[in-house]
Amino acid sequence: MGEVIVVTSGKGGVGKTTTSASLACGFARRGKKIAVVDFDIGLRNLDLIMGCERRVVYDFVNVINGDCSLKQALIKDKRFDNLSVLAASQTKDKDALTQDGVAKVIDELKSEFDIVLCDSPAGIERGAFFAMYFADRAVVVVNPEVSSVRDSDRVLGIMSSKSRRAEQGQTAVKEHLLLTRYSPERVERGDMMSIGDVEEILGVKVIGVIPESPEVLSASNSGVPVILDENSDAGQAYTDAVARLLGDTVPMRFLDAKKKGFFQRLFGS
Amino acid sequence: MQGLLFTPAFELKSAQMSLMVLAVRRFDLDQLQIEISQHVAKAPALLKNAPVVLDLGQADPKPTAHQVTNLLMRTQVAGLRVVALVADAIGEPLAHAVGLPALTVGPRRKKSDEAPAKPTEAEAAAAPTAPEIPATPDANPGAEAAPQEPAEDAPAEPVAVPPLLLPGPIRGGQQIYAKGRDLIITGAVSAGAEVAADGCVHVYGRLSGKALAGAAGDVRARIYCLSFGPELVSIAGNFKVFESAPREIAGKAVEIYLNEGRVDVRPLKA
Ligand SMILES: Nc1ncnc2c1ncn2[C@@H]1O[C@H](COP(=O)(O)OP(=O)(O)OP(=O)(O)O)[C@@H](O)[C@H]1O
Ligand SMILES: [Mg+2]
């Protein structure tokens with residue numbers, strides 16, 4: 001049986017979809033058979049960032065409504081044949097998601113794939129709720145700022161009390177924090193929260209820190225998840241995060257301002 | 001047959017309950033309405049529509065019956081229900097005038113089987129219009145077991161009521177209410193979370209949200225936390241709001257208690 005991982009946040013625009021796309025490619029590159037599912041019904045942009053928007057014929061809601069089979073709706077990635085995308089629908093309403101419908105799709109995906117990665121919409125409503133309800137693990141994407149941290153706290157609370165695991169009395173959903181849009185310069189200046197601050201407030205360990213990086217936008221625009229851009233800091237940081245999610249021990253990188261090397265920092269610049 | 005015929009339709013029992021007292025200091029209708037709504041908004045789960053006893057003993061200026069009627073309406077709009085007036089020289093005639101019962105607030109009253117009575121607690125014994133239960137916040141579903149009813153009439157053996165014990169963290173948006181007992185949280189209480197108990201509240205972690213002890217009116221209830229940084233603390237309905245924690249106690253292990261009707265915070269000695 002595969003594992004369900006939700007990428008969630010509470011607050012909007014913090015980098016969930018960017019993260020989902022990169023983690024999906026990262027897991028695929030590590031040989032995992034993976035499906036990534038867009039729960040942002042009505043907005044649909046995971047497929048754009050994955051670069052498969054022109055091949056969307058059927059979507060998540062079509063599968064739930066029985067318009068097509070799950071197999072027909074899954075879009076195989078052109079770069080990794082062990083990676084598939086289940087797109088959201090642009091035209092349909094969020095109410096199209098039903099608990100039974102989503103459960104059926106998730107359970108079918110679990111039997112086919114090692115990892116089912118769910119890209120949650122912002123907020124704590126229907127779409128976000130279903131995205132996290134079936135999760136075994138959660139990657140909570142948080143920006144180092146108060147409002148994002150508060151919303152993540154809220155989402156963690158809902159997950160610990162209302163997820164399927166909580167309802168069935170199973171071991172709790174495993175929680176990870178992924179700090180994104182991190183700017184060491186701004187942390188140093190004191191206008192951004194540090195990793196320690198965020199970990200302390202939320203009481204959850206950070207599994208990765210993705211620096212603010214201009215390559216993210218260009219990657220999104222070209223439909224190539226930033227993790228595949230080996231020259232970008234953000235891409236390398238996502239590669240590290242994937243490794244940690246798979247249990248590897250990898251030191252944190254890109255935490256210091258102005259990218260000084262170790263010796264440079266020791267002896268000043 | 002006889003049983004059916006002669007079973008009385010009612011039973012008059014004596015019961016004790018604690019109610020919050022709304023003690024008016026400055027009788028300014030507009031200001032009172034604003035402040036009461038603000039208070040209720042801070043802890044809606046606990047206070048919304050809570051029954052209170054109106055104490056006009058210290059009210060300045062002394063209101064007329066007409067003004068009290070006006071205040072009753074405004075209090076209701078603001079989210080509290082006045083169920084009676086405190087029966088003192090001022091309250092007694094006003095209570096008659098506005099058609100509410102007048103209640104004698106229990107002074108220190110010793111009972112052999114009971115700890116000293118709570119000074120601000122309103123004794124509602126045999127007052128038929130007094131509500132049966134104090135304000136009952138929405139408890140986190142599943143977090144609370146059946147409420148513990150105190151033994152009726154009979155001077156019961158003092159039994160330790162087990163606390164409601166929950167692992168933390170209690171996160172933003174979550175509400176916990178330990179009815180009739182203490183609440184122990186082994187972990188943090190996040191900003192935006194609300195933890196309340198009729199007894200004491202213990203937080204073995206950082207307190208960043210709201211904590212309310214003595215929710216049913218026990219002024220002896222206290223709050224303890226390992227790291228102080230709450231949005232609000234309340235003992236028996238007496239609030240203190242913190243925009244930010246004062247430097248001397250921020251992040252410290254503290255005890256929060258009621259000191260002559262005011263909420264006080266003091267560091268716990270190591
Ligand atoms: N590390 C980063 N550096 C720079 N920009 C980033 C980074 N991560 C995300 N962004 C940008 O932030 C914006 C929002 O990202 P994204 O769409 O992934 O967020 P989201 O959480 O999925 O949003 P929504 O809540 O709307 O679904 C995008 O413009 C994206 O390019
Ligand atoms: Mg998104």
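Residues are numbered from 1 along each chain as written, while chains are lettered from A and ligands numbered from 1 in written order. In this predicted model, local features need pLDDT of at least 70, side-chain atom pairs count only at pLDDT 80 or more, and totals for chains, interfaces and linings use all residues, with side-chain values taken from heavy atoms, leaving out hydrogens and water.

Visitor: How many residues surround ligand 1?
Guide: A residue is near a molecule if one of its heavy atoms lies within 4 Å of it. The closest to ligand 1 include A:Gly13 and A:Lys16, and the residues that surround the ligand number 16.

Visitor: How far is an N or O atom in the side chain of A:Lys16 from an oxygen atom of ligand 1?
Guide: A polar contact with the ligand is a pair of N or O atoms within 3.5 Å. For the side chain of A:Lys16 and an oxygen atom of ligand 1, the distance is 2.8 Å.

Visitor: Which residue has a backbone N or O atom 2.9 Å from a nitrogen atom of ligand 1?
Guide: A backbone atom of A:Val14 lies 3.2 Å from an oxygen atom of the ligand. The backbone atom 2.9 Å from a nitrogen atom of ligand 1, however, belongs to A:Ser213.

Visitor: Which helix gives the most to the shell around ligand 1?
Guide: Helices are DSSP runs (H or I, at least four residues), numbered from the N terminus. With three residues in the shell, the helix that gives the most is α1(A).

Methods. Polar contact = N/O pair within 3.5 Å; in protein donor to acceptor, adjacent residues only side chain to side chain. Helix = DSSP H or I, 4+ residues; strand = E, 2+ residues; numbered from the N terminus.
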